[in-house]
Amino acid sequence: MTKTLARLLAVAAGSALIAGGAAAQETMRLNGAGATFPNPIYSKWVLEYHTAHPNVEINYQAIGSGGGIRQFTDHTVDFGATDGPMTDAQIQAVNGNVYHLPTVLGAVVPTYNVPGVTAQLRFNGDVLAGIWLGQITKWNDSRLAALNPGVTLPDQDIVVAHRSDGSGTTYIWTDYLSKVSSDWSSRVGKGTSVNWPVGLGGQGNPGVANIVKQTPGAIGYVELIYALQNQIGYGLVQNKSGNFIQATLQSTTDAAAAAAAALDANTDFRVSITNPDGPQAYPIASFTWLLVPKEMTDMAKARTLLEFVWWAVHDGERFTTDLSYAPLPRHVVQLEEERLKSITVDGRPVLPRNYRGR
């Protein structure tokens with residue numbers, strides 16, 4: 001080999017390495033939108049993942065579950081997010097091209113602002129339904145007083161707060177009320193949006209939390225972390241076993257235990273865990289889901305998205321407890337691994353069968 005040829009080969013090899021390195025570091029951008037319920041943990045995941053993988057930029061807009069389903073359906077985002085699963089009709093609208101992928105478990109709590117009351121209040125399904133139906137209008141109503149012996153409740157009007165946007169948190173709340181109150185079920189029902197009999201509307205979990213915090217006599221419903229972050233009181237809720245339960249990581253995990261164990265390999269993960277069996281189970285809890293296409297069109301973007309989701313339900317779960325979410329049961333993660341490996345681009349699997357993470 002001549003010296004000239006050797007130099008040419010060396011230059012070519014160096015150029016190839018530079019090109020390869022540039023390709024490896026090409027910025028990949030993903031856009032998602034949807035639920036506010038998991039936004040604190042999703043924001044943490046996006047930050048941590050970008051720190052570990054600087055070439056991946058993920059933009060998540062917490063616009064509410066209804067908006068997430070709509071943007072996913074309109075193909076204006078790479079993934080959606082919802083706490084209320086898509087209906088059969090909504091799934092048909094995307095020709096069935098969607099997987100519901102659970103990410104974490106969370107609890108929805110009744111949060112309130114009652115001046116002069118420092119005790120943690122107790123609620124049951126009938127009382128909560130009565131408040132949101134406009135049938136219980138005073139804090140010293142006898143039905144509330146009976147649940148809270150020894151607590152001096154004021155003769156003050158109850159100001160009801162609810163979501164104004166399409167909301168998975170609303171779905172969880174109304175799913176629970178529909179199970180425990182036949183009156184609620186027949187008059188209002190469940191959904192991401194319902195015709196509220198009474199109340200003020202707030203945008204997102206932060207909007208409802210703000211109404212409660214700023215309004216003496218108010219009561220609303222929010223994901224637990226929003227009550228904790230805003231330092232507003234939230235109540236114990238009576239479960240199916242008759243016990244008054246505080247929303248905690250353990251009581252939320254207990255709510256999911258039976259439902260998770262019953263999931264089989266063919267599940268679509270659209271399972272309700274409100275009002276579950278179990279003496280220590282918190283009754284208003286739910287999975288929250290990412291919406292991801294079963295068949296995608298861009299292999300590089302698909303690989304980036306699925307690697308992120310894989311990381312989230314494995315490595316990312318370690319961040320859940322500090323933000324008051326419960327991690328997924330191991331059985332659910334194992335089922336989700338199979339779903340992720342079944343996603344394709346042009347009929348070709350995005351992740352190899354032996355994939356175990358980056």
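**A walk around H7**

Let's start at Asp175, where the side chain makes a 2.6 Å polar contact with the side chain of Ser272. Before I go on, keep in mind that this is a predicted model. The Asp175 side chain has another polar partner too, the side chain of Thr274, at 2.8 Å. If you leave out residues up to four places away in sequence, Asp175 touches Lys190, Ser272 and Thr274.

So is Asp175 buried or exposed? Its relative accessibility is 4%, under the 20% cut-off, and therefore Asp175 counts as buried. As for where it sits, Asp175 belongs to helix H7, which covers residues 168–180.

Let's stay with that helix for a bit. H7 is 13 residues long, and from first C-alpha to last it reaches 19 Å, close to the 18 Å you'd expect at 1.5 Å a residue. How many of those 13 residues are buried? It's 11, so the helix is mostly covered. Among the buried ones are Gly168, Thr170, Tyr171, Trp173 and Asp175 itself.

Now look at the N-terminal end of H7, please. Ser167 caps it, with a side-chain oxygen 3.1 Å from the backbone nitrogen of Thr169.

Okay, next up is the packing against H5. What does H7 meet there? From H5, which is residues 125–132, you've got Gly125, Asp126, Leu128, Ala129 and Trp132, and they meet Trp173, Tyr176, Leu177 and Val180 in H7. Sorted by class, that contact has 7 nonpolar residues, 1 polar and 1 charged. The two helix axes come within 9 Å and cross at roughly 115°, and the crossing of H5 and H7 is left-handed.

Tyr221 is in strand E8, residues 218–223. The Tyr221 side chain and the Thr170 side chain are joined by a polar contact of 2.5 Å, and Thr170 is one of the buried residues in H7. The side chain of Tyr221 also reaches the backbone nitrogen of Arg163, at 3.1 Å. Tyr221 has a relative accessibility of 0%, so it counts as buried. One more distance while we're here: Tyr221 and Asp157 are 64 residues apart along the chain, and their C-alpha atoms are separated by 17 Å.

Let's move over to helix H2, residues 39–52, which is where you'll find Glu48. Glu48 has 22% relative accessibility, so it counts as partly exposed. The Glu48 side chain makes a polar contact of 2.8 Å with the side chain of Lys44. Setting aside residues up to four places away in sequence, Glu48 touches Trp311 and Phe319. And from Glu48 to Leu200, 152 residues apart in sequence, the C-alpha to C-alpha distance is 36 Å.

Last bit: zoom out to the whole chain. There are 13 helices and 15 strands, and the C-alpha trace spans about 100 × 40 × 35 Å along its principal axes. Of the 358 residues, 53% count as buried. Then, if you take contacts between residues at least 6 apart in sequence, 74% of them join residues at least 24 apart.

Notes. Residues numbered from 1 in each chain as written. Predicted model: local features only at pLDDT ≥ 70, side-chain atom pairs only at ≥ 80, totals over all residues. Heavy atoms only, no water. Helix = DSSP H or I, 4+ residues; strand = E, 2+ residues; numbered from the N terminus. Buried < 20%, exposed > 50% of the residue type's maximum accessible area, 1.4 Å probe, protein only. Polar contact = N/O pair within 3.5 Å; in protein donor to acceptor, adjacent residues only side chain to side chain. Contact = heavy atoms within 4.5 Å. Axes fitted to C-alpha atoms, helices over the stretch in contact; angles between N-to-C directions. Left-handed = near helix turned anticlockwise from the far one by under 90°. Nonpolar A, V, L, I, M, F, W, Y, C, P; charged D, E, K, R; others polar. Expected span 1.5 Å × (residues − 1).
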